[in-house]
Amino acid sequence: MSENMTETEAVASVAAVATKRRKPGLGWRIWLPPAITFIVFGALWQVTAIANPYVIPTIDGIVMSLIDDPQMYGINFLVTLQEVAIGAAAGILAGFVIAVVMAEFEILERAVMPLFVVIMVTPIVAIAPALVVAFGFGMMPKYIVTALVVFFPMLVNSLAGLREVDPKALDVLRTLHASRWEIFRELRFPGSMPFVFAGLRVSLPLAVVGAAVAEFVAAGQQAGLGSLVTISAAQANLPVTWASIVLLCVLGVLLVSLLSLVRKRALWWSDGEVVSR
């Protein structure tokens, strides 16, 4: 009984020390450095914009452009969001499924991975016009371009995670005559999740880039923030151009922030981030 009390008291004392070390004022160390960076960046931007009004607009000019026509920005934002959602979902799903098949059959990886590498190193701006010829002037070419951009990072990270399993645990499952599905469900899939989320952390910002590039180079429907950037830049309308770029940045930040929240809930057992490969 005395030993139990001693252990309890030890745990309580450690918790008390940890609580004392958590000073409420330490929160400023998290938000103050980026706040200072953005303030300095904004001040430099404003000074440069005032000195060079035909190069970049002032911050208040960008804000006023957003306030003056929120409907135009909202419609184009939703179009780009749709392209990101559908294209990224398709590319991410395809990358993960193919990674699962490759992890089970190494001969398939040796057969098709060189083809995927060739596709990935091909400039996307060269592929987009060909996709327009093949699939028409609708949204499909933009979905495909976005999917292609996110496919390879997702494939590589998922494949690394599916292969990065504990050999001892794998031996135990094989000793118990576990099927491929049982090994995947109980070992490979849970173990690959940190790598999958690392791939998602790379893929989601790339999806925004892919959607914007698709709108730049794929002819047809003139909608989306990328198209708005192209049209306004051709008209030398700098506030609209940079307001559209800001919204693209906001979209990327929102996606990454949402992913971080999902990761914390889904991988509560993981104590660290996996670096994307």
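Helices here are DSSP runs of H or I with at least four residues, strands are E runs of at least two, and both are numbered from the N terminus. By that rule the protein has 11 helices and zero strands. Along the sequence the pattern reads α-α-α-α-α-α-α-α-α-α-α.

The model is predicted: local features need pLDDT of at least 70, side-chain atom pairs count only at pLDDT 80 or more, and totals for chains, interfaces and linings use all residues. Residues are numbered from 1 along each chain as its sequence is written, and side-chain values use heavy atoms, with hydrogens and water left out.

Begin with the whole chain. Of the 277 residues in the protein, 36% are buried. Buried means under 20% relative accessible area, exposed means over 50%, and partly exposed lies in between (1.4 Å probe, protein chains only). The protein exposes about 16500 Å², and carbon and sulfur atoms supply 72% of that area. Accessible areas come from the Shrake-Rupley method with a 1.4 Å probe; for residues, only the protein chains shown count as cover. A contact requires heavy atoms within 4.5 Å.

Now turn to helix packing. Two packed helices are described by the angle between their axes and the distance between the axes. The axes are lines fitted to C-alpha atoms, for helices over the stretch in contact, and angles run from 0 to 180 degrees between N-to-C directions.

Take α4 with α9. These helices pack at an angle of about 145°, with their axes 8 Å apart. The crossing of α4 and α9 is right-handed. On the α4 side, the residues in contact include Val84, Ala88, Ile92 and Phe96. On the α9 side they include Phe189, Ser192, Val196 and Leu200. By class, the contact of α4 with α9 has 14 nonpolar, two polar and five charged residues. Here Ala, Val, Leu, Ile, Met, Phe, Trp, Tyr, Cys and Pro count as nonpolar, Asp, Glu, Lys and Arg as charged, and the others, Gly among them, as polar.

α4 also meets helix α7 (residues 140-163), where the axes come within 6 Å and cross at roughly 35°. The crossing of α4 and α7 is right-handed. That contact divides into 20 nonpolar, six polar and three charged residues.

Next come the aromatic rings. How many aromatic pairs does a search of the whole structure find? The search finds four. Rings of Phe, Tyr and Trp (its six-membered ring) pair if their centres lie within 6.5 Å; planes under 30 degrees apart count as stacked, over 60 as edge-to-face and the rest as tilted.

Tryptophan 45 and tryptophan 242 form an edge-to-face pair, 4.9 Å centre to centre with 80° between the planes. Tryptophan 45 lies in helix α2 (residues 28-51) and tryptophan 242 in helix α11 (residues 238-266), so the pair ties together parts 197 residues apart in sequence. Tryptophan 45 is buried at 17% relative accessible area, whereas tryptophan 242 is partly exposed at 24%.

Phenylalanine 96 and phenylalanine 189 also pair edge-to-face, at 6.1 Å centre to centre and 80° between the planes. Phenylalanine 96 is in helix α4 (residues 70-104) and phenylalanine 189 in helix α9 (residues 180-217), so this pair ties together parts 93 residues apart in sequence. Phenylalanine 96 is buried at 16%; phenylalanine 189 is partly exposed at 34%. Elsewhere, ring pairs link Phe41, Trp45 and Trp242 into a cluster.

A few single residues remain. Alanine 236 sits in the loop between α10 (225-234) and α11. Its phi is near 60°, a positive value in a residue other than glycine. Alanine 236 is exposed, at 62% relative accessible area.

Isoleucine 119 belongs to helix α5 (residues 106-121) and is partly exposed at 31%. Leaving aside neighbours within four places in sequence, isoleucine 119 contacts Ile127 and Leu148. Isoleucine 119 and leucine 148 are 29 residues apart along the chain, with 8.5 Å between their C-alpha atoms.

Conventions
Left-handed = near helix turned anticlockwise from the far one by under 90°.
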